[in-house]
Amino acid sequence: MKKLVILCSVVFLFAAISAFKVDAQAEFKFEKETYDFGKIPQGKPVSVEFKFTNVGDEPLIISNIESVCGCTVPKYTNTPVLKGQTGTITVSYNAAAVAPFSKGLTIRSNAKTPIKVIYIKGEVVESAAE
């Protein structure tokens with residue numbers, strides 16, 4: 001009986017330590033996760049900056065950001081973002097084709113949620129004659 005109590009105690013302790021460690025990960029908190037450019041003129045590239053804070057306990061490291069096409073180019077904070085500090089992801093969109101658009105960018109990191117998606121959208125309209 002004594003061995004059973006010790007075994008149960010060890011299992012419980014291991015589970016408690018494992019649960020604590022999960023909570024100690026890095027985590028994103030974005031000011032906004034979607035940005036609407038509205039109507040933008042054709043041939044004029046536009047950019048937006050997504051700001052985020054690391055609300056987790058460990059440093060947040062972005063390993064990669066993938067876009068669905070070459071018209072959407074992300075640049076991001078390459079250094080670890082410490083607890084409570086902020087970082088940025090700047091997304092540039094090449095407004096070449098006249099049409100509505102909606103693009104997702106997939107962020108891969110060491111965060112508690114390792115894959116996160118942010119979005120840009122809008123409508124490219126014909127440029128006014130100059």
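The model is predicted: local features require pLDDT of at least 70 and side-chain atom pairs count only at pLDDT 80 or more, while totals for chains, interfaces and linings use all residues. Residues are numbered from 1 along each chain as its sequence is written, and side-chain values use heavy atoms, with hydrogens and water left out.

**Sheet.** Helices (H or I, at least four residues) and strands (E, at least two) are DSSP runs, numbered from the N terminus. Two strands are taken as paired if DSSP finds at least two bridges between them. An open sheet is formed by four strands in the order β2-β8-β7-β4, with mixed pairing. Its edges are β2 (34-41) and β4 (62-67); each has a single partner strand, so one side of each is left without a neighbour in the sheet. On average, neighbouring strands of this sheet are turned by 20° against each other, direction ignored; axes are lines fitted to C-alpha atoms, for helices over the stretch in contact, and angles run from 0 to 180 degrees between N-to-C directions. Strand β4 is joined to β7 (residues 99-109) by five bridges, and the two run antiparallel. Within this pairing, N64 stands opposite R108 in β7.

**Salt bridges.** A salt bridge is a side-chain nitrogen of Lys or Arg within 4 Å of a carboxyl oxygen of Asp or Glu. The count under this rule is three, as tabulated here.

| Pair | Closest N to O distance |
|---|---|
| K116 and E33 | 3.1 Å |

The salt bridge between K116 and E33 links distant parts of the chain, with K116 in strand β8 (residues 115-125) and E33 in the loop between β1 (28-30) and β2, 83 residues apart. K116 is buried at 18%, whereas E33 is partly exposed at 35%. D57 is partly exposed at 40%, and K83 is exposed at 54%.

**Aromatic pairs.** Rings of Phe, Tyr and Trp (its six-membered ring) pair if their centres lie within 6.5 Å; planes under 30 degrees apart count as stacked, over 60 as edge-to-face and the rest as tilted. Six aromatic pairs are counted by this rule. One of them joins F28 and F30, whose ring centres are 5.2 Å apart with planes at 20°, so the pair is stacked. F28 is buried at 7% relative accessibility, and F30 is buried at 10%. The rings of Y93 and F101 have centres 4.0 Å apart and planes at 15°, so this pair is stacked. Y93 is buried at 7%, as is F101 at 7%. One aromatic cluster comprises Y35, F37, Y93 and F101.

T72 belongs to strand β5 (residues 72-76) and is buried at 2% relative accessibility. Beyond neighbours within four places in sequence, T72 is in contact with S67, V91, S92, Y93, K103, L105 and I120, contact meaning heavy atoms within 4.5 Å. One disulfide is counted, defined as a pair of cysteine sulfur atoms within 2.5 Å. It is formed by C69 and C71, whose sulfur atoms are 2.2 Å apart. C69 is partly exposed at 23%.

How values were computed:
Buried < 20%, exposed > 50% of the residue type's maximum accessible area, 1.4 Å probe, protein only.
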